[in-house]
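Take a look at the model below.

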Amino acid sequence: MKIKFGLSVSQEERSVLTRILVIFLAVLWGVAILTPGVVAAKNVVEENAALLSTFAIAEYAHLRAGDPIPLDVEYTEQKPINVWGMQTNSPWLTTWVKKIVPAFGYEKVCAVPKYPRSIGFTPNPGYRSFHIAGFARPFLADAWLNERFLIDGRWNDARDALATLTHELIHLQGGGYIVGEPEEFENRTQAATVETLAAMCNYGEETACRAFWQEYEGYTRIVFRLMLEDAGHGDWYNRIANLLWRDSMDERAAEKASRFWAEDPDQLDYIYRAYYLGPWKIIQDGVLLDVPQDTGIMNWTTLGEIYKLQMPFDDTGVLLRPVRLLLWWSR
Ligand SMILES: [Zn+2]
């Protein structure tokens, strides 16, 4: 299952404004660190290094993610078609499945990659329609993306659809992606999604690059939000996000979502910590400390020795190289 919180963005003149702001902050930071006399400023910067770094990473990811990529694809609704033994209602999905699934084997997401039996777009009722981007049923070997990707302008974005498809296909690989507490296997699935998108990006898939940065922006923004909330400045998040990362449509949608979640703030906090902070930490350890992800999947060497497959974050590390120092400071 993949959750969505309206992170679609429009850049336009925002990028210029934010570049100026980031450069200003960087200069301020540099001056504060390098000038021994400016003790007060230095303290402020040092105390807030994690917060400022996380903000800067979010901004960098936002710029790299770019604008939404229109998703205008063939869709046969309830009339499935057969593509290489897979049932689908959109060949856009099966074309990507054929690119994503082999990458799982190459990137050590799993030992023997499995294709889905069915892959399609589907409408979801009620709450699920607005917040659930996709779901998978490993026991049936099928995966579904929310039809809103095709019928709702606010959802129409190939970056998000690709990330959701990758996520649901990883659930179908079993092992640690379906076993344990939901937040545990969702964390592992999210982390593996990011690494798979990074791998496809490094292989030359531009849509995967943009999807990678959009996913990473999503995590970083929520972590930034949680840091502000923990520091007692939670109300600043929306002001900053409205200024830098949202257009007026996004702003209204975010406000609407916050009215929905106001009834259950604890559940929202749980979702943020379980589904965003969790993978962010796994990826950070993977990139900075070379800690691979335990896939929970067994594999055999050519000599017949059994071992648990470990997934490294090498491709994510390559893409995050420009912000590596900020990543250290954000810890
Ligand atoms: Zn999931």
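Leaving aside neighbours within four places in sequence, with which residues is cysteine 201 in contact? They are Ala208, Cys209, Phe212 and Leu319. Here, contact means that two C-beta atoms, placed from the backbone, lie within 7 Å.

A word on the source. This is a predicted model: local features need pLDDT of at least 70, side-chain atom pairs count only at pLDDT 80 or more, and totals for chains, interfaces and linings use all residues. Residues are numbered from 1 along each chain as its sequence is written.

Now to the core. A nonpolar core is a set of buried Ala, Val, Leu, Ile, Met, Phe, Trp, Tyr and Cys residues joined through C-beta atoms within 7 Å. Buried means 20 or more other C-beta atoms within 10 Å of a residue's own; exposed means 12 or fewer, and partly exposed lies in between. The largest nonpolar core has 68 residues. Val97, Leu165, Leu169, Leu197, Cys201, Ala208 and Phe212 touch the most other members. Helix H9 (residues 206-230) gives the largest share, eleven residues. Helices (H or I, at least four residues) and strands (E, at least two) are DSSP runs, numbered from the N terminus. Domain 1 (8-66 + 220-329) and domain 2 (70-208) each supply at least three residues to this core. Those bounds come from an automatic or database domain assignment.

Next, two loops. Tryptophan 84 sits between strand S2 (81-83) and strand S3 (86-88). Its phi is positive, about 50°, although it is not a glycine. Tryptophan 84 counts as exposed because it has 9 C-beta neighbours inside 10 Å.

Alanine 141 lies in the loop between strand S5 (132-137) and strand S6 (142-146). Alanine 141 also is not a glycine, and its phi is positive, near 55°. With 15 C-beta neighbours inside 10 Å, alanine 141 counts as partly exposed.
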